[in-house]
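Open the model in your viewer and keep the sequence panel beside it. This tour goes from one selection to the next and says what is found at each stop.

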Amino acid sequence: MIVVNYLMVCLVFGTTFLAIKIGVDHAAPPFFSAGLRFFAAGAILFLWMVWRKKAAWSLLLRKEMLVTGALLTFGTFSFLYWAEQYVTSGVAAVLSATGPLMIVLLQMIVMRQKTTKRAVLGILVGLAGVMLLVLPNMISVQAGPRWAIGCAAILIGEVLYSLGALYTKRVTQSYAEESPIALNAAQMIYGGLLLFILSAFTERVTAEIMLQPSALGSLFYLTVVGSMVGHSLFYWLVAKTNPVFPSTWLYVSPLIAMTIGVLYYGENAGWYAVLGGGTIIAGTVLTNLDSLRQLIGKQASLASGAAGGTGAVNPQKVQSS
């Protein structure tokens, strides 16, 4: 189940960069669009969880939901949406791939956690693959001040994302009795509200722009698929594994983003794509090798215990593994 959900996250998030680009290219206000996306998705998910009696309204009063929403949703996507007005979706995907590296560095420097040399090497290999994948596009970009500022903005957003991913692990442990979907919905609501506040002070929003087919299509896809499906799966993976493993979708997303860009948005790709794609996959496997071995070993141990009749196995534990 963990592997299937991870692949789904890779596919969903790999297509969101172009969806964002399409929206902002058609003059959709970036902060308002992001706010509407996350607030709508969070509200729908939370109401659904309350209706199923798997979440309580009091969850929205927890300060942890505000902090998580400020880091994961507001901090990350305010910078990303704004930056995609000036950088391509492929470049945005590349810069977003720095997330796992920042997480490991924060764990090492701030949290004083030990990290294996293999994991660090895997991250570096993955980043090298990302650069190989989009190198022709990066070289062809007529870099200007706004392009450079856009790139810097995405990197700042990734720092906030990394802090949010680490903080999310603590939140899911503190609220272990709560559904990861409900926790994700609550933080998206707060992130969306913060984006609305930012939009109110910086943007002019009109119905004419927001009702354009391209803007509506982008918003619908990002709200339903990108937020309701993708972020719920990501939140679930963080709760079941660790902050680094789910975040490595950022290595695979540039490959997907560039492929979609070539097919539907006129971007170019050559032999760098093949070499970069193989390097990205190798780096992803290398980074997660220890985690994957632990997960596989745990599954094998549970299966062996059940087959050997060593006592009743708790179904909940099997499911959560």
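This is a predicted model: local features need pLDDT of at least 70, side-chain atom pairs count only at pLDDT 80 or more; totals for chains, interfaces and linings use all residues.

Does Ala27 count as buried, partly exposed or exposed? The relative accessibility of Ala27 is 45%. Because buried means under 20% and exposed means over 50%, Ala27 counts as partly exposed.

Stay on Ala27 and look at the backbone. Ala27 sits in the loop between H1 and helix H2, which covers residues 30-51. Its phi is positive, about 70°, although Ala27 is not a glycine. Most residues other than glycine have a negative phi.

Next, select Lys53. This residue is in the loop between H2 and helix H3, residues 63-83. Lys53 is another stop with a positive phi, near 60°, and it is a residue other than glycine. Is Lys53 buried or exposed? With a relative accessible area of 76%, Lys53 is exposed, because the cut-off for exposed is over 50%.

Now colour the whole chain by secondary structure. How many helices and how many strands does the protein chain have? There are 14 helices and zero strands.

Then select helix H1, residues 2-25, together with helix H12, residues 249-264. Two packed helices are described by the angle between their axes and the distance between the axes. For H1 and H12 the angle is about 50° and the axes are 8 Å apart. H1 and H12 are therefore oblique to each other. The crossing of H1 past H12 is right-handed.

Show the side chains in this contact. On the H1 side, select Tyr6, Val9, Cys10, Leu11, Phe13, Gly14, Thr15, Phe17 and Leu18. On the H12 side, select Trp249, Val252, Ser253, Ile256, Ala257, Ile260 and Gly261. What kinds of residues make up the contact of H1 with H12? Twelve are nonpolar, four are polar and none is charged.

Finally, clear the selection and show the surface of the whole chain. The accessible surface of the protein chain comes to about 15100 Å², and carbon and sulfur atoms hold 69% of it. The chain has 321 residues, of which 50% count as buried. Among contacts in the protein chain with a separation of 6 or more, 89% join residues 24 or more positions apart.

Conventions: Residues are numbered from 1 along each chain as its sequence is written. Side-chain values use heavy atoms; hydrogens and water are left out. Helices (H or I, at least four residues) and strands (E, at least two) are DSSP runs, numbered from the N terminus. Buried means under 20% relative accessible area, exposed over 50%, partly exposed in between (1.4 Å probe, protein chains only). Contact means heavy atoms within 4.5 Å. Accessible areas come from the Shrake-Rupley method with a 1.4 Å probe; for residues, only the protein chains shown count as cover. Axes are lines fitted to C-alpha atoms, for helices over the stretch in contact, and angles run from 0 to 180 degrees between N-to-C directions. Angles under 35 degrees count as roughly parallel, over 145 as roughly antiparallel, 65 to 115 as roughly perpendicular and the rest as oblique. A crossing is left-handed if the near helix is turned anticlockwise from the far one by less than a right angle, and right-handed if clockwise. Ala, Val, Leu, Ile, Met, Phe, Trp, Tyr, Cys and Pro count as nonpolar, Asp, Glu, Lys and Arg as charged, and the others, Gly among them, as polar.
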